[in-house]
Amino acid sequence: MVMQTFSSIIIVDLATSNMGYWVELRDWLCKDPAKLVRHLVLFICCIIVVVQLTECFDKLKQPPISTHSYYILNETIQMPAITICREPAYKEEVLTNIAGRYCSHPKYDTCWFHYPFGLVDLEEFFMNSTFNQNETFLPFQYGLNGLSDNVEITSSLHFYNGRCFTMRPRILLQRATKNSGYSMILTHHIQTDNQYFYYESEPGWHLFIHDSRENFTGEKSTEISMKASGRVEYVFIRRNEEIEIKLQTKCFVKVDGNQNLCSTLNDYSDLKSGEICIWEDLANKANCTGPWMYDITHQPPCSSCSSMTHLIREYKGAYDSEEKNACSCIPPCESHLFSAYIQSRRSFHQPEPNTQIWIYYTTKLISMVEERPNYDTTQFIADVGGSLGFLLGLSVLGLIGILEHLTLLMCGGASRNGLVKRVKHVNENRLSSDLETDKTSRKSDDTVDIAIVYP
């Protein structure tokens with residue numbers, strides 16, 4: 001009974017104390033409603049300011065990107081690189097002799113059933129079964145600005161496209177005319193139209209226009225469909241044809257940022273890096289490499305029919321698949337996009353199956369598309385000042401006053417041993433001591449005077 005009474009007393013005391021707390025809080029709130037409203041509005045404004053300042057700092061860290069388009073007139077012209085691949089890419093007679101049966105392309109498994117592995121080197125086989133430079137270009141019938149010394153020709157071996165030749169400029173052009181551009185005459189090994197009725201594709205030439213800094217990757221046009229993102233222009237040219245191609249260039253400059261990474265290296269090629277990545281994956285799956293995969297050294301060359309056909313199947317599956325591959329390389333910060341416009345196509349009457357190609361610019365204008373950060377320190381300061389001034393009514397002088405009060409509070413109010421309190425305490429002690437001394441001096445003087453007056 002006593003415990004129940006004691007518990008009841010405690011509950012009543014707690015309830016009474018809680019009621020007293022809320023009553024005091026209500027009285028404090030109702031004591032000065034205007035002050036309450038000011039504090040409430042100030043609190044809401046502070047929250048809004050914090051949110052806005054957070055957004056300003058985020059934009060300063062990762063500024064938004066704006067795109068600017070304009071034209072520039074170059075005094076000189078940098079020609080792109082031209083890569084030419086033959087169709088069909090291989091010499092059927094060489095493949096047939098090695099395979100022991102008809103073989104038009106090494107992508108077929110039947111071409112490897114009787115291949116003499118260990119006796120004939122794979123690289124030698126691919127080089128002998130493709131066409132060299134003299135079998136592609138007529139001697140001294142190619143060049144830039146009318147001279148063959150103005151161009152550099154390099155070859156590259158590919159599985160599907162055979163041996164391709166890339167022509168790069170050695171000079172900058174001063175004029176934008178047909179005669180100052182590329183000109184070349186290509187020769188083909190198929191003489192008549194009746195000779196190619198059994199081929200999968202029409203005989204001719206695959207012509208790729210790309211940046212001279214890029215190395216051609218060119219397996220089944222993967223530079224167009226998978227990795228190039230429109231940075232390679234493609235034109236198919238037939239035998240016995242004269243074609244004129246007009247070029248236009250658009251330069252795209254990206255901003256290197258946290259969410260928009262790009263490479264500023266001059267010798268960097270994302271196309272080549274992506275192809276090497278695919279090759280490494282294929283070599284690991286097949287446990288061997290082909291002679292066209294010359295950058296892969298951690299796996300040995302294929303040395304049997306089963307390993308070679310396994311590699312070719314994996315290779316075909318990787319390049320024919322429409323799924324996005326796992327190899328993603330950052331693009332260059334500066335890209336040149338080339339557009340090819342066919343001015344004319346007409347028959348080229350020659351005794352041999354030759355093809356005449358003209359590639360040139362008609363203007364020195366270049367279209368520029370440039371990304372720029374759309375937020376800087378000046379805009380950040382303006383946004384911060386605008387937010388603080390509009391919502392809190394702060395100015396520079398008001399901010400100085402607030403900083404002064406905060407400094408005094410931190411130095412004097414943070415602890416009892418603060419600098420201001422200590423100085424104030426010393427001053428008070430000194431004042432008290434001076435008062436006591438003054439009182440004592442006055443009392444002493446009064447005593448002396450009385451003694452003198454009343455001896």
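Predicted model: local features only at pLDDT ≥ 70, side-chain atom pairs only at ≥ 80, totals over all residues.

Student: How many bridges join β2 to β7, and which way do they run?
Tutor: Seven bridges join β2 to strand β7 (residues 204-210), and the two run antiparallel. Strands here are DSSP E runs of at least two residues, helices are H or I runs of at least four, and both are numbered from the N terminus. Two strands pair if DSSP finds at least two bridges between them.

Student: What about β2 and β5?
Tutor: They pair in the antiparallel sense over three bridges, and β5 covers residues 162-169. Ile84 stands opposite Phe165 in β5.

Student: What is the strand order in the sheet?
Tutor: β4-β5-β2-β7-β8, an open sheet of five strands with antiparallel pairing. β4 (151-158) and β8 (233-238) are the edge strands, each pairing on one side only. The twist averages 25° from one strand to the next, with axes as lines fitted to C-alpha atoms, for helices over the stretch in contact, and angles from 0 to 180 degrees between N-to-C directions.

Student: Why is β2 called largely enclosed?
Tutor: Because seven of the seven residues of β2 (residues 81-87) are buried. Buried means under 20% relative accessible area, exposed over 50%, partly exposed in between (1.4 Å probe, protein chains only).

Student: Which β2 residues point which way?
Tutor: Ala81, Thr83, Cys85 and Glu87 point one way; Ile82, Ile84 and Arg86 point the other. In a regular strand the side chains alternate between the two faces of the sheet.

Student: New topic. Where is Ile47, and is it buried or partly exposed?
Tutor: Ile47 is in helix α2 (residues 33-61). Ile47 counts as partly exposed because its relative accessibility is 42%.

Student: And Leu261, where is that?
Tutor: In the loop between β9 (241-253) and α6 (270-286). Leu261 is partly exposed, at 46% relative accessible area.

Student: What does Leu261 contact, leaving aside neighbours within four places in sequence?
Tutor: Asp256, Ile330 and Pro331, where contact means heavy atoms within 4.5 Å. Leu261 and Pro331 are 70 residues apart along the chain, with 7.7 Å separating their C-alpha atoms.

Notes. Residues numbered from 1 in each chain as written. Heavy atoms only, no water.
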